[in-house]
Amino acid sequence: MKVAASFSGLGLSLAIATLAGCTGIVDNGTVSGGNGGPPATSGPGGGGSASSTGGTGTTPQNCDMASAPAAAPLRRLTQFEYNNTLRDLANAPAAELPAEDIGNLFANDVATQSVPPSLVKAYNANAASVAASLTTADHIASLAPCAAAPGADEGGCARTVVGAFAPRAYRRPLADGEADGLVQLFQTVRMSGQSFASSLAAVLEAILQGADFLYRPELGVPAEGRTDVRRLTDSEMAVRLSYLFWGSQPDPELTQAAVAGQLHTPEQIKGAATRLLADVKSRDVVRYFFDFLLPIQALSALQRDKEIYPNFNASIGALMRTEAETFLLKEVYEGSGTWPGILTAPYTYVNADLAAYYGFPGVTGSDFQKVPLDGVKRGGLLTLGGVAAGPVHSNKTNPVTRGSLVVKKLMCQVIPLPPPDLAAMVKPPPDDSAPTARERYTMHSATPTCHVCHVNMDPVGFALEKIDAVGAWREQENGVTIDATGSSPLLGDFNGPVELGQRVAASEATQACFAKRWVDFGYGRTTDDSNCSLARVKEQFKAANYDIQQLLLNLTQTDDFLYLPAVQQ
């Protein structure tokens, strides 16, 4: 709608110009800088140049019982959150938005959230589309039933629509007089000759392109008994909770709790969190988390040479992704519920087609069902076909990329990329340089310069070599029996993927890293080891025997979640 765009597009441009690149709001509403902080500290057992950002779960010495929270960044809705919000707000289908920057692995790190022109254009187009769909002849009666009354006051009707729609879109009550500007927009567009529906659509466009919809502003209120922090308003807390557990706007029950002032004590907040976590919508967030943590997003597009792997195709890749997601959700919500349990579970979930691909007998039908694993060839997350195949980018397995997945993403060990001059000199070994990946990559990393970084990655990758580049089991490569033993400073000695998974599960660094990944995702930033809230979450995760649902609830009980800094630096 051209007339609507002339008003709402201007509003969006001003909002974007003001908010782009911001990482926080201080109590007077001015923009402040990012979260900063000292560099991550090295953890024990790093080996070579690998250092830990996951920590061991111990609390930094300077943390007391009332530590000031880190800066609260001004978060923009991610594509996942944006689409979920429009679905729940307006029953709108998913929108196509530009690819997101990945900072903390999960596309919600405020330090890397940019606003390119292509995103502004997509917001404009999508707002116009949603507004138009809400004001068609078939839908406007439900949006604005007041318009159907004989001799209806159009301005009053527009105000009624604004009073109902804007608070849901902004996820908070409207301030006194805040609706006036939106009603004035309706009247201006109506006076230009546009129809009632088109004029109302212009208002909806403006709302859907406003900063209060696209961002999650948090100003807070004074916190009783503390001068170093501000407490979030109940409406702001409702938004924090709903986006943490549902990736979407608060539902009516949570909104009502906020209106009633029932979301400002830790006990009230944990009670609300418990309800949200128990709702089936929380599974979408858990699935999203694992889709970014693990290499399973692109399995349906995984390409391999059909002559080398005649049994593999895109359908099998898609089934592998479903297997991994089903296994993870079942284990979190119905199984052991622990991260060590996921890494060592003696079962998986397959349907008949995937079972036949793996060679599992006795499975029929298209539904995914629980099947036991032998504990010798397979057992635990790392032995799932999709998790093993996902990091491989060619027809040959790559112990380095597989080992990097475990060591860097699951254990939070920092292994720097080689400097450009070294990377230009030392390339991955040719496929025909030796019959097995162990021989090829042992030669590749034999030089002292390379060995320093590869000493922890390569042995982990070697242990996974009996699972080929398409997730199937094998005993030989090019006619040579595969040696799947490994030994690393991080994990000690192990033989094969099952034993590797057990070593990874038993590592305190693994558990601390998992807690950190959830803190980074849940708080929308990259958190360093000096952060006291992170340290406490790690401690609580260990005390709860690494229970994942308890971990998610504990995320809501830290100072970083409950408060804002009094003044952000």
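Which residue, with a positive phi near 60°, follows H9? Gly 247 is that residue, and the views below begin with the helix that precedes Gly 247.

The model shown is predicted, so that local features need pLDDT of at least 70 and side-chain atom pairs count only at pLDDT 80 or more, whereas totals for chains, interfaces and linings use all residues. Residues are numbered from 1 along each chain as its sequence is written, and side-chain values use heavy atoms, with hydrogens and water left out.

View 1. Helix H9 covers residues 234-245, where helices (H or I, at least four residues) and strands (E, at least two) are DSSP runs numbered from the N terminus. The 12 residues of H9 reach 17 Å from the first C-alpha to the last, close to the 16 Å expected at 1.5 Å a residue, the expected span being 1.5 Å times one less than the number of residues. H9 is mostly covered, with 12 of its 12 residues buried; buried means under 20% relative accessible area, exposed over 50%, and partly exposed in between (1.4 Å probe, protein chains only). The buried residues include Asp 234, Arg 240, Leu 241 and Phe 245.

**View 2. The largest nonpolar core and Phe 245.** A nonpolar core is a set of buried Ala, Val, Leu, Ile, Met, Phe, Trp, Tyr and Cys residues joined through side-chain atoms within 4.5 Å. The largest such core has 109 residues, of which Leu 241, Phe 245, Phe 290, Trp 339, Leu 381 and Phe 514 touch the most other members. Helix H13 gives this core its largest share, nine residues. Apart from it lies another core, of 48 residues, among them Leu 86, Tyr 123, Val 162 and Val 189. Leaving aside neighbours within four places in sequence, Phe 245 is in contact (heavy atoms within 4.5 Å) with residues including Ala 273, Leu 277, Val 285, Leu 552 and Thr 556.

**View 3. An open sheet of three strands.** The strands are arranged in the order S4-S5-S13, with antiparallel pairing; two strands pair if DSSP finds at least two bridges between them. At the edges are strand S4 (221-222) and strand S13 (563-565), each of which pairs on one side only. Strand S5 (residues 229-231) is joined to S13 over three bridges in the antiparallel sense, and Arg 230 stands opposite Leu 564 in S13.

**View 4. The hairpin of S11 and S12.** Strand S11 (residues 485-488) and strand S12 (residues 492-495) pair in the antiparallel sense over four bridges, and they form a hairpin with three residues between them. Within this pair, Gly 486 stands opposite Phe 494 in S12.

**View 5. Two loop residues with positive phi.** Most residues other than glycine have a negative phi. Ala 107, although not a glycine, has a positive phi of about 65°, and is found in the loop between helix H2 (79-90) and helix H3 (117-134). Ala 107 counts as buried because its relative accessibility is 3%. Asn 478, in the loop between strand S9 (476-477) and strand S10 (480-481), has a positive phi near 55°, and counts as exposed because its relative accessibility is 52%.

**View 6. The loop residue Ala 301.** Ala 301 lies in the loop between helix H12 (282-293) and helix H13 (314-333), and counts as exposed because its relative accessibility is 52%. The C-alpha atoms of Ala 301 and Ala 318 are separated by 8.0 Å, although these residues are 17 residues apart along the chain.
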